[in-house]
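Let's take a walk through this model together, looking at its pockets and its aromatic rings.

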Amino acid sequence: MNTSRGGDKRRDLLDGALTVFAADGYTRASVDRIARAAGVSTRTIYNQFGDKAALFQAVIVDSARRVAAAQIITVQRYLTKIVDLEADLIEFGRIWATPVQADFAPHFALVRQVNAEARHVPEAALRAWQEQGPLRVRREIATHLARVADQGLLTIDDADLAAAHFVLLVAGESTNRSNLQAAPLELEEIYRLSDAGVRVFLHGYGKKDSS
């Protein structure tokens, strides 16, 4: 049971609820179990969030924001300065496709639950999660790819679409085969798939020969 006080109570509540939603999914998770995991009363949950749907939205948005913040740091670290386009994109692609640190394991467990029961999850929560998480990160990648295109290294008409293609090409296959990191692939295989994805991306978006 958590013992934090005052302003930490909301943090305890979000963390406890994330643990329960990640394990049980939205439909099966009970407010009673969430209250026990967070070390608070059910009255506290209802007073702060109103109902389970609102709590779930707060949890998935909070978790998505934290994951997105870490991913954006990675994007900026690897895409801010491009020296050798193919080599730099391969390096970034490998990092992107490699499972993230254990700190975010509950988030991706939650995402697996959401994918399994999407029809039963409140639509507002799904939209908020996408906007604050995956789409936010994709916009960051798009910004960097557009800048690289402005330098004449890529040919891009729609940077957001190019970012979506990049993410799917470098990480889509390994993500699907690992069931969102539930059963991670060997690092060598992740790199093989990611490297191939980068080369396909460059085939489609690489600088076109005007001759």
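This is a predicted model: local features need pLDDT of at least 70, side-chain atom pairs count only at pLDDT 80 or more; totals for chains, interfaces and linings use all residues.

Helices here are DSSP runs of H or I with at least four residues, numbered from the N terminus. Helices α1 (8–28), α4 and α6 each supply at least two residues of its lining. Among the residues that line this pocket are Asp15, Ser63, Arg66 and His107. By class, its lining has 4 nonpolar, 3 polar and 3 charged residues, and the pocket holds about 150 Å³ of space.

Now move on to the largest pocket, with about 1100 Å³ of space. Its lining counts 42 residues, and Gln71, Trp96, Phe108, Val167 and Thr175 lie nearest its centre. Helices α4, α5, α6, α7, α8 and α9 each supply at least two residues of that lining, which by class has 26 nonpolar, 14 polar and 2 charged residues.

Next, look at the aromatic rings. The count comes to 8 aromatic pairs. One of them joins Tyr78 and Phe92, a tilted pair with 6.4 Å centre to centre and 35° between the planes. Tyr78 sits in helix α4 (residues 52–79) and Phe92 in helix α5 (residues 85–97), 14 residues apart. Phe92 also pairs with Phe166: their centres are 5.7 Å apart and their planes are at 15°, so this pair is stacked. Because Phe92 lies in helix α5 and Phe166 in helix α9 (residues 159–177), the pair ties together parts that are 74 residues apart in sequence. Both Phe92 and Phe166 are buried. Ring pairs link Tyr78, Phe92, Trp96, Phe166, Phe201 and Tyr205 into a cluster.

Finally, find Tyr26: Lys52 lies over the face of its ring, at 4.7 Å from the ring centre.

Notes. Residues are numbered from 1 along each chain as its sequence is written. Side-chain values use heavy atoms; hydrogens and water are left out. Rings of Phe, Tyr and Trp (its six-membered ring) pair if their centres lie within 6.5 Å; planes under 30 degrees apart count as stacked, over 60 as edge-to-face and the rest as tilted. Buried means under 20% relative accessible area, exposed over 50%, partly exposed in between (1.4 Å probe, protein chains only). A charge sits over a ring if NZ of Lys or CZ of Arg is within 6 Å of the ring centre and within 35 degrees of the ring normal. On a 1 Å grid over the protein atoms alone, a cavity is a set of points where a 1.4 Å probe fits but cannot get out, and a pocket is an open set with protein on both sides within 12 Å along at least five of seven lines; lining residues have an atom within 4 Å of a point. Grid points are joined across faces, edges and corners, and a volume is the space filled by probe spheres set on the points. Ala, Val, Leu, Ile, Met, Phe, Trp, Tyr, Cys and Pro count as nonpolar, Asp, Glu, Lys and Arg as charged, and the others, Gly among them, as polar.
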